[in-house]
Amino acid sequence: MNHLSEEELILHYYGEEDGTLAAGRHLDECAECRALYGSLQRVLNMVEASSVPEVAPDYGARVWERLERHLPARRRWWRAGPAWRWVAAGAAFAGLLAAAFAAGRFYRRPPAPAVAKADPAAREKILLVAVGDYLERSQLVLIELANANPKTPLDISAERERAGDLVSESRLYRQTAAHTGDSAVASVLDDVDRVLMDIARGPSELSPAELDTVRRRLEAEGILLKIRVLSSTVRNHEGPEAQPAAGQRL
Amino acid sequence: MELTDAAIVGRARAGDADAFRCLVERHSHSLFRLAFLMTGNRQDAEDVVQESFLRAYRQIGGFDGRASFGTWMHRIAANCSLDMVRARRRRIDCPAPEDPVAELPSTGPTPERIALSAEVRQKVAEAMDDLSPTERTAFVLRHFEGMRMEDVGRVLECQPGAAKHSVFRAVRKLRRALEPLMSVAG
């Protein structure tokens, strides 16, 4: 008598084999296969019993609260009429100018020897704080592009400029991460950097189809998810003592 | 009368944020369950749920309604979970997976039974963690979500035969890890 293979038993358990009746008949007649099948059933039933933690009844509402912060405001911005877009873009540009002016005025480079002499743990924490900030700003640029849903070509010169700034900034973080052996951080930074670089070097106006390509790429490479994962890791590792003084950057 | 998902999706596609909220509230629990089974970690599962809805929000214009909204969301969440597990494996500083046992309600009447049950669940969690991301995804979709192999293949972007073999490998690994417990737990 030909016995049933493990694969056939598994397919029978899930009701997916071609000859369900044949396998069932064989199991009725063959004690050896029946014993094997019983063992398989017990293992799979044991796995079935592994529970998932309870979530609060209002979990769905909490998910929506978090999502809403990301979605509607941006969507409204993109859907707004051209006049409001210019007002918003002007305000954003003015904000950037003010921030750049303030940064230039109050920026104090930390003395290099102090960083060089800092112990590796402190150096890593400083890197994480800076990387966390960098990731947050990269995420904002990418989410804006991913959420844009225009019917006509879209002017992305502001995002392009921000992407260019972020690319020049990331080089230092990637080098530091590589130097400290933090290959996971370096790998995500590489992925983000490639996308930002393409945006920075690309055209300042994107057609809906080109935006869709950007969106698909972000999804295919899981860029936003990677940023979120690394940001969450970074947040978990940041200690309060690692927070840099106001205006101080790596 | 409660509206069907299809009706709500129609409104969400027209830009009705309240309609999308309704879909989020309806499907968050089942997506969390799927994401937890695939990631084995509560925080990761919550991140996956959020990311899945973000993707759905962006793609809802392209949702053609051939599958139900729930099936479509489960596919997105499975892909997000797969990305999450792969990304986590690449992380050097991977925090230990959350202990699912600590969050579970007690199930047995005696301390011995509780301890045994907890140990079994711990072993199941460890055995699941030992599966590769693809094996785990294929197994969770087939075993817990009841997807046919063809659908599992679609999520994994592979042939049904390859999906089948991922399930076989997963079951084989789980048997190897868990069969020794059978005599104790039985």
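**View 1. Chain A meets chain B.** The contact draws 42 residues from chain A and 51 residues from chain B. Two residues are in contact if their C-beta atoms, placed from the backbone, lie within 7 Å. On the chain A side, α4(A) gives the largest share, 8 residues. By class, that side of chain A has 21 nonpolar, 11 polar and 10 charged residues. Here Ala, Val, Leu, Ile, Met, Phe, Trp, Tyr, Cys and Pro count as nonpolar, Asp, Glu, Lys and Arg as charged, and the others, Gly among them, as polar. This is a predicted model: local features need pLDDT of at least 70, side-chain atom pairs count only at pLDDT 80 or more, and totals for chains, interfaces and linings use all residues. Residues are numbered from 1 along each chain as its sequence is written, while chains are lettered from A and ligands numbered from 1 in the order in which they are written.

**View 2. Helix α4(A) packs on helix α2(B).** The two helices pack at an angle of about 115 degrees, with axes 8 Å apart. Axes are lines fitted to C-alpha atoms over the stretch in contact, and angles run from 0 to 180 degrees between N-to-C directions. Residues making this contact include A:Tyr59 and A:Trp64 of α4(A), and B:Arg21 and B:Phe32 of α2(B). By class, the contact has 7 nonpolar, 3 polar and 3 charged residues.

**View 3. Helix α6(B) is mostly covered.** Of its 12 residues, 9 are buried. Buried means that 20 or more other C-beta atoms lie within 10 Å of the residue's own, all placed from the backbone. Among the buried ones are B:Pro133, B:Phe139 and B:Leu141. After α6(B) comes B:Gly146, with a positive phi near 70 degrees.

Definitions and conventions. Helix = DSSP H or I, 4+ residues; strand = E, 2+ residues; numbered from the N terminus.
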